[in-house]
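Thanks for coming, everyone. Please have a look first.

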Amino acid sequence: MRDVPPVEDLGEGLWSIPVPVPGNPIGFTYVYAISAPGGPVLVDTGWHHDDSWEALVSGLKQTGHSIDQVQGAVLTHFHADHAGLTGRLREASDAWVAMHPSDAEVLRRLGERTDDERSASVIEQMVRAGFPEEDVETFRSSPAVFPSPALPDLALGDGERADVPGLDLRAVWTPGHTPGHLCLHLAERDLLFTGDHVLPRITPHVGQFPLDSADGDPLGDFLTAQARIGRMPGADRLLCLPSHERRFTGLPERTGEIVDHHEERLESMARLLTRGATTLWELTSSLEWRRPWAEMRIMARHMAASETAAHLRLLEERGLVRRNGPAELPRWASVTRTQGPE
């Protein structure tokens, strides 16, 4: 677990409130509180847990506000460490909650399925990916399905302004980490809330769900969004406020580093696939990860497989690999190109 830093006054009515994520190595998520006429506006809400709620409530007190004064929250994306307290916040303050419509749709679909149905879907995907039976049984014996956050009240699309008088906070759609991930631009102060899209040290998870889906291209979308946000007007002078790690500047350079990292990963996978067709599990387990594969817990292995699947999907889009074999156990292989005459 990471040490949770203190609440911090960032000046001109802006505060960072670290909200812990108990029992998770991520440690905490930064919730940002912005003073505005009518009450503070939050960027994200934090994890759904009593300790997290207490940290949010006490953090707001340090800013000079109470939880019932919050007028609204803009969510960077639907993940539980960002949106988990949405329902509890709304009950305590009657606040509105805004999110990109693509992520709201994901939450709607998740809400239509029971935990058992969601767990069964993960198991089916693991089997089709070629996970060994011992891994499947490990998940089956202790399925891990996060509770779905509450649905938002408002849709906030690309370029739209949050409905807060006196505050020009605008959405920048940056899909990839989730379909509707948003960064939030406060242009008058040269601030950019980057959520999980751009982090100063690590690269956020970008996965393909379901694992063997041939729909969409989340990594392609992510790389396009990285390049786009790195070219924002005045990007080089923006102070970036991410949801994790630390504040940073140098947005164009950091987005370039993230793109380069994924391009190197794509090249590495393409080389491995020249050795022959492989299942998703075989490829994933042969790659280098921050933690050795043998030490990974089952959900970490599943997340790694989803990230590998996203890279394979982009390689398919680029015409460099092709999937074949039965739908019950697909395999991927390099596309053999016939060389023409000199």
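Buried here means under 20% relative accessible area, exposed means over 50%, and partly exposed is in between, with a 1.4 Å probe and protein chains only. This is a predicted model, where local features need pLDDT of at least 70, side-chain atom pairs count only at pLDDT 80 or more, and totals for chains, interfaces and linings use all residues. Residues are numbered from 1 along each chain as its sequence is written, and side-chain values use heavy atoms, without hydrogens and water.

Start with strand β9, residues 182-186. Strands are DSSP runs of E, at least two residues; helices are runs of H or I, at least four; both are numbered from the N terminus. In a regular strand, side chains alternate between the two faces of the sheet. In β9, L182, L184 and L186 lie on one side, C183 and H185 on the other, and all are buried. That is 5 of 5 residues, so β9 is largely enclosed by the rest of the structure.

Who are its neighbours? Strands pair if DSSP finds at least two bridges between them. β8, residues 169-173, runs antiparallel to β9 with 5 bridges. There, A171 partners L184. β10, residues 191-195, is also antiparallel to β9, through 3 bridges. H185 stands opposite L192. β9 and β10 make a hairpin with 4 residues between them, and D190 in that turn has a positive phi of about 55°.

Now the helices. α7 (residues 218-230) and α8 (residues 251-273) pack at about 155°, axes 8 Å apart. Axes are lines fitted to C-alpha atoms, for helices over the stretch in contact, and angles run from 0 to 180 degrees between N-to-C directions.
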